[in-house]
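Please read the points below with the model open beside you.

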Amino acid sequence: MLSMVSKTVSQHIINYISTSSGSRRLLIQNFHDLDLSGTKEESHLLEHYRALGLLFKRCTLLLPTKDRLKYIHKILSEVSCFKFSSCSAPLQCLGLPCYGMFLQTLTAGWDELECHRVYNFLCELTNLSRKMQTVVCNKPGSARKLELRIRLFCRNVLLDHWTQRSDSAFWLTRILKPWPMVNQARLLYIIFGPTSPQDGQVIWQEMVEGPTDESSLKGLANAIKLLYDTGTKEWTADDVISLVDELSVVPREWLLENNARLLILSGNNICFTFMASKAVNGRAIELARLIVFLALVCEKELYCMDWTVRMMQKVCKVFSAAAERKSFLQSVANAFACVTMEMLQPIMSGERDDDDRGFLNLFHLLHAQANFHKEVLYLTMNASSS
């Protein structure tokens, strides 16, 4: 507090921080000493770096942003675990989360222009743009360790410590916006997609090889909601929908069930806008199949089937002509039959999974179809009686 009102005291503090005793006292580095996950020690260490961020924020208050950043980097460069790839055990290290807490506290309340400078400074320091270029321009999984380092740096340093969604959206926008849409989707998957519990590396085939669960998609869905809901001027609704569309072919076309699950987790607005976009662009048959898989996910997860029917009813209004609506509803009925036959075919030919996954999926689909049509009948009968 004194450093904010006295230039002399502020200079004394800055000088002290630069001494070996000040460095030892302030730059605590026991990031690997304990099993820190969820413990008091972890909270204590994060709180220490939050307080340290506040100290640096106050004692460098009178310096221009560029000079503040240079001075802070000079001090923090002594901590090897704060560097992009210096730590030998990044998954067991609290270095980057502490660095993120420090940075969040330091920059809280700064205007956008200053935060732009911070991001550019970090990119220069870590050569982040070049590293991102390596992973987005090469085959997915060809640089697994680098993908992991990028994920950990972006999540722990830039994204995860913010309490305001608008702040998180700002930093995520800085990461994604310099890239074309196809590369944005790849980066989004690297940062928020499913990872292996053994080595933390990105699982690229998760969405392609079989139905996945909510935990594998929640990070991606939350990131999409963040960009859509926070009203960031750099993202239009069309941008976000295009990003979702592009994401569903990373690294290859996803199973439609996984696509449907992502849309459900992303919320009503995104789900409807995505479906309406298909309706407007003449992709009614794709849309009909998507509705089948929305119903299947609702059945599996015990979500309310009424939601799927209401969503279909809402999308129907996007079609301007009655003939188009009728054709679309026919396509939905046909899609249920086609998907049922697709699931039945390998069972009939004797291709059985060890865990009977194919048979179980067909079982869920038949129940989904029954419950879907039950809700349609309820809706029709209620409309008739009123």
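1. The largest cavity is lined by Leu 69, Ile 72, His 73, Leu 76, Tyr 99, Phe 102, Leu 103, Leu 106, Phe 121, Leu 122 and Leu 125, and helix 5 (65-76), helix 6 (95-107) and helix 7 each supply at least two residues of that lining. Its volume is about 80 Å³, and the structure holds one cavity of 30 Å³ or more. By class the lining has ten nonpolar residues, one polar and no charged, where Ala, Val, Leu, Ile, Met, Phe, Trp, Tyr, Cys and Pro count as nonpolar, Asp, Glu, Lys and Arg as charged, and the others, Gly among them, as polar.

2. This is a predicted model, in which local features need pLDDT of at least 70 and side-chain atom pairs count only at pLDDT 80 or more, while totals for chains, interfaces and linings use all residues. Residues are numbered from 1 along each chain as its sequence is written, and side-chain values use heavy atoms, with hydrogens and water left out. Helices (H or I, at least four residues) are DSSP runs numbered from the N terminus. A cavity is a set of points on a 1 Å grid over the protein atoms alone where a 1.4 Å probe fits but cannot get out, a pocket is an open set with protein on both sides within 12 Å along at least five of seven lines, and lining residues have an atom within 4 Å of a point. Grid points are joined across faces, edges and corners, and a volume is the space filled by probe spheres set on the points.

3. The largest pocket holds about 780 Å³ of space and is lined by 29 residues, of which Leu 255, Leu 256, Glu 257, Arg 289 and Phe 293 lie nearest its centre. Two or more lining residues come from each of helix 15, helix 16 (268-280), helix 17, helix 19 (322-348) and helix 20 (357-385), with helix 19 giving the largest share, five residues. The lining comprises twelve nonpolar, five polar and twelve charged residues.

4. How do helix 15 (residues 256-266) and helix 17 (residues 284-301) cross? Their axes (lines fitted to C-alpha atoms over the stretch in contact, with angles from 0 to 180 degrees between N-to-C directions) come within 8 Å and cross at roughly 70 degrees. The two helices are therefore roughly perpendicular to each other, a term that covers 65 to 115 degrees. In their contact (heavy atoms within 4.5 Å), the residues of helix 15 include Leu 256, Glu 257 and Arg 261, and those of helix 17 include Arg 289, Phe 293 and Glu 301. The contact residues divide into ten nonpolar, no polar and five charged.

5. Most residues other than glycine have a negative phi, and most peptide bonds are trans. A cis peptide bond, with omega about 0 degrees, joins Val 250 and Pro 251, and Pro 251 lies in the loop between helix 14 (237-247) and helix 15.

Definitions and conventions. Parallel < 35°, antiparallel > 145°, perpendicular 65-115°, else oblique.
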